[in-house]
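Please look over the sequence and the model before reading on. The paragraphs below go through the structure step by step.

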Amino acid sequence: MRDTFDSVQSAIRAACELEGIPQRPLSSRMTDRTLGLGSNWEEQAGRAGMIWRALQPLNGMPISILVARSAPRQTRCSCRRACCSGRQPHPYWIEAIDALAESALTAKLGIKRYDERKLILLSIFGERATFSEMAKLLQMDPQTVAEHYRKIAAWIGIRAANGNESQAWREAEQLLMQAGILVKQMETA
Ligand SMILES: [Zn+2]
């Protein structure tokens, strides 16, 4: 892992990727040189820890949005079951989606079903699905799903200059710059 990053997204992604190789004992990670986790693994884990600590003030909805945008969506699965595709949702990514699905309830958006909120958030954060596909899975009316999608998208603040999402990016940028982790390229006039 690098010492510094030029974007919030690349810093968070690197931190997620390092810690996102789950379900393996540390001893096996540390000898796995093919993954680049050799003797410098501890040093890299330390850098990932620095990134998370710097972002601590964004705990809650802001960090969930940033991780849902930045973490890899999938990771390898080594369960070796016949039915397994060899891929599984990345734990950091899916945790962020679950946390947002929970927060959306307290935001009083009037969307009672957890599975509906989660499906909409999955779609917002990259697992694209049409309203009719989601409606079919949920056994709901597509119009209602579309209406709820718009509510959740507005709450996240997609493409809104002062929404929750853009605010989270701005704050993360400041925090990572203060910590010396984010180094912005000087803009040429
Ligand atoms: Zn598996």
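**A walk through the model**

R159 is found in the loop between helix 8 and helix 9 (164–178); helices here are DSSP runs of H or I with at least four residues, strands are runs of E with at least two, and both are numbered from the N terminus. The model is a predicted one, in which local features need pLDDT of at least 70, side-chain atom pairs count only at pLDDT 80 or more, and totals for chains, interfaces and linings use all residues. Residue numbers start from 1 along each chain as its sequence is written.

R159 has a positive phi, near 60 degrees, and is a residue other than glycine. Most residues other than glycine have a negative phi. R159 counts as exposed because it has 9 C-beta neighbours inside 10 Å. The cut-offs are these: a residue is buried if 20 or more other C-beta atoms lie within 10 Å of its own, exposed if 12 or fewer, and partly exposed in between, with C-beta atoms placed from the backbone. Q139 also has a positive phi, about 55 degrees, although it is not a glycine. Q139 lies in the loop between helix 7 and helix 8 (142–156), and with 6 C-beta neighbours inside 10 Å it counts as exposed.

Now the overall layout. The protein has nine helices and two strands, and along the sequence they follow the pattern α-α-α-α-β-β-α-α-α-α-α. Of its 189 residues, 27% count as buried. Among contacts between residues at least 6 apart in sequence, 61% join residues at least 24 apart; two residues are in contact if their C-beta atoms, placed from the backbone, lie within 7 Å.

How many of the 10 residues of helix 4 are buried? Nine are, so helix 4 is largely enclosed by the rest of the structure. The buried residues are M61, I63, S64, I65, L66, V67, A68, R69 and S70. S70 counts as buried because it has 22 C-beta neighbours inside 10 Å. S70 touches Q9, I12, R13 and C16, leaving out residues up to four places away in sequence. The C-alpha atoms of S70 and I12 are separated by 6.2 Å, although the two residues are 58 apart along the chain. V67, with neighbours within four places in sequence set aside, is in contact with I12, C16, Y92, W93 and A96.

L55 is buried, with 24 other C-beta atoms within 10 Å. Not counting residues up to four places away in sequence, L55 touches I63, A172 and L175. The C-alpha atoms of L55 and L176 are separated by 7.2 Å, and these residues are 121 apart along the chain.

Two packed helices are described by the angle between their axes and the distance between the axes. Helix 4 and helix 5 (residues 91–106) pack at about 140 degrees, with axes 8 Å apart; axes are lines fitted to C-alpha atoms, for helices over the stretch in contact, and angles run from 0 to 180 degrees between N-to-C directions. Helix 4 and helix 5 are therefore oblique to each other. Angles under 35 degrees count as roughly parallel, over 145 as roughly antiparallel, 65 to 115 as roughly perpendicular and the rest as oblique. Helix 4 passes helix 5 in a left-handed crossing, meaning that the near helix is turned anticlockwise from the far one by less than a right angle, whereas clockwise would be right-handed. Helix 4 contributes M61, S64, V67 and A68 to the contact, and helix 5 contributes Y92, W93, A96, I97, A99, L100 and S103.

Helix 6 (residues 114–124) and helix 7 (residues 131–138) pack at about 155 degrees with axes 11 Å apart, and are therefore roughly antiparallel. Their crossing is right-handed. D115, E116, L119, I120 and S123 in helix 6 meet M134, L137 and L138 in helix 7.

The largest nonpolar core has 41 residues, of which A11, I12, V67, I97 and L121 touch the most other members; such a core is a set of buried Ala, Val, Leu, Ile, Met, Phe, Trp, Tyr and Cys residues joined through C-beta atoms within 7 Å. Two or more residues come from each of helix 1 (8–19), helix 3, helix 4, helix 5, helix 6, helix 8 and helix 9. Helix 5 gives the most, with seven residues.
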